[in-house]
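Okay, thanks for coming, everyone.

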Amino acid sequence: MVSQNIRRIAICTGGGDAPGLNAVIRAVAVSAANRGWECYGIREGFNGIFFNERFPNGGVFRLTRESVRGITHLGGTMLGTTNKGNPLHFPLKMPDGSTKEIDRTDEIIEFFAKKEIDALVSVGGDGSLTIANALVQKGLRVVGVPKTIDNDLDKTATTFGFDTAVAFATESLDRLHSTAESHQRIMVVEVMGRYAGWIALHSGISGGAHAILIPEIPYDLKKVAEKIISRENDGRHYSLVVVAEGATSADGDHAVMEVAEIGHAERLGGIGERVARQLHELTGKDCRVVVLGHLLRGGSPTTFDRLAALRVGAAAVRALSEGYTGVMVALAFPDVNYVPLSDVAGRMRAVPLDCDTMKTGRDMGICFGD
Ligand code: F6P
């Protein structure tokens, strides 16, 4: 199991955290140790390299078998993460207060050369995999591990973190049925997912929502109001509406909390309030909003996510030992595949409108606002 040309590897976690990240870190560190390799953790994406001095115990530190013990079931990431400061578009503050964008990837390459670290396992979503691909172009040996609760990455069956997020959203919907029914209200539940509706769709169907609004289907709230009123006429005086944070109305209304800055994507949020206000106007019914937000990213990974995370972590080290670079390990049940990073970088997977889950929703009479 000893690879001839790898002695040291490093791992970093970038972008929003997702339940299962610690399981990946453990799988990578233990699989590396079992090959006689040293494994290093980089703190907060690549910040551990850029700002080594800011971290009391060093921005890049040794991950031993002992230091990753007992973390498989823990949420978050022991390495920390960031979704600011993309090294390809790093925001540099200028003396006049303005911000300039710089490319810091050469510093990463130099760091690996100086520390004689032979390869990187980069765990992240679309942004991190794009950075990983750029580092491969500059000669670094990199294997990517897909991560996001949003499930919006192409070429992998799913991503760890998604199942945990969907389970929490579904349980929340289960709890909201009784209070909505008791008060004869409309409950609008806003969930994360960026520009894809996977979390809304899966939790909405599983949790018995009556309407689900996803970014892939521009919505007309009059259709949702019709559905709610037809339920009223049938004697069912409450409704649950799940809204994906990236849902957009047919006339282009889209809720942004923070516009995109250099090295940082736009922040979505607030669509639930708008939908609730408009549904109140259209139906005259009392509406309440629940924004699940970051609760979807917290807590312990489900068994499914733990196993998926351990599998992609171990597979990343296996890929390196088999001589692969520039690939992402992808779940392709019952196997794991290696997919070129160039095929996934910058590509997003939306919900296909003809997929079976969508058909199930339609067959169950759920309104999609169209
Ligand atoms: O990509 C994961 C995600 O949780 C999205 O669903 C959400 O839009 C975004 O991250 C939120 O990011 P932040 O942690 O910056 O609020």
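Before I point at anything: when I say polar contact, I mean a pair of N or O atoms within 3.5 Å. And keep in mind that what you're seeing is a predicted model.

So, let's start with the ligand. The side chain of Asn83 has an N or O atom 2.9 Å from a ligand oxygen. Asp150 does something along those lines, with a side-chain N or O atom 2.7 Å from an oxygen of the ligand. For Glu245, the distance from a side-chain N or O atom to a ligand oxygen is 2.5 Å. On its own the ligand has 400 Å² of accessible area, and the protein covers 84% of that.

Who else is around it?

Now zoom out to the domains. Domain 1 covers 8-160 + 301-343, and domain 2 covers 163-297. Their C-alpha centres are 33 Å apart, and the contact takes 21 residues from domain 1 and 15 residues from domain 2.

Next stop, Val224, which you'll find in helix α7, residues 221-233. Is Val224 buried or exposed? Its relative accessibility is 0%, so Val224 counts as buried. Leaving out residues up to four places away in sequence, Val224 touches Ala211, Leu213, Val241, Leu279, Cys367 and Gly369.

Last, some backbone details. Phe333 and Pro334 are joined by a cis peptide bond, omega about 5 degrees. Pro334 is in the loop between β14 (327-332) and β15 (335-340).

Then there are two non-glycine residues with positive phi. Asn151 has a phi of about 60 degrees and belongs to the loop between β7 (141-146) and α5 (162-183). Gln184 has a phi of about 55 degrees, in the loop between α5 and β8 (186-191). As for accessibility, Asn151 is buried at 3% relative accessible area, whereas Gln184 is partly exposed at 42%.

That's my tour, thanks.

How values were computed. Residues are numbered from 1 along each chain as its sequence is written. This is a predicted model: local features need pLDDT of at least 70, side-chain atom pairs count only at pLDDT 80 or more; totals for chains, interfaces and linings use all residues. Side-chain values use heavy atoms; hydrogens and water are left out. A polar contact is a pair of N or O atoms within 3.5 Å; within protein, one must be able to donate a hydrogen and the other to accept it, and residues adjacent in sequence count only if both atoms are side-chain atoms. Accessible areas come from the Shrake-Rupley method with a 1.4 Å probe; for residues, only the protein chains shown count as cover. Helices (H or I, at least four residues) and strands (E, at least two) are DSSP runs, numbered from the N terminus. Buried means under 20% relative accessible area, exposed over 50%, partly exposed in between (1.4 Å probe, protein chains only). Contact means heavy atoms within 4.5 Å. Domain bounds come from an automatic or database domain assignment.
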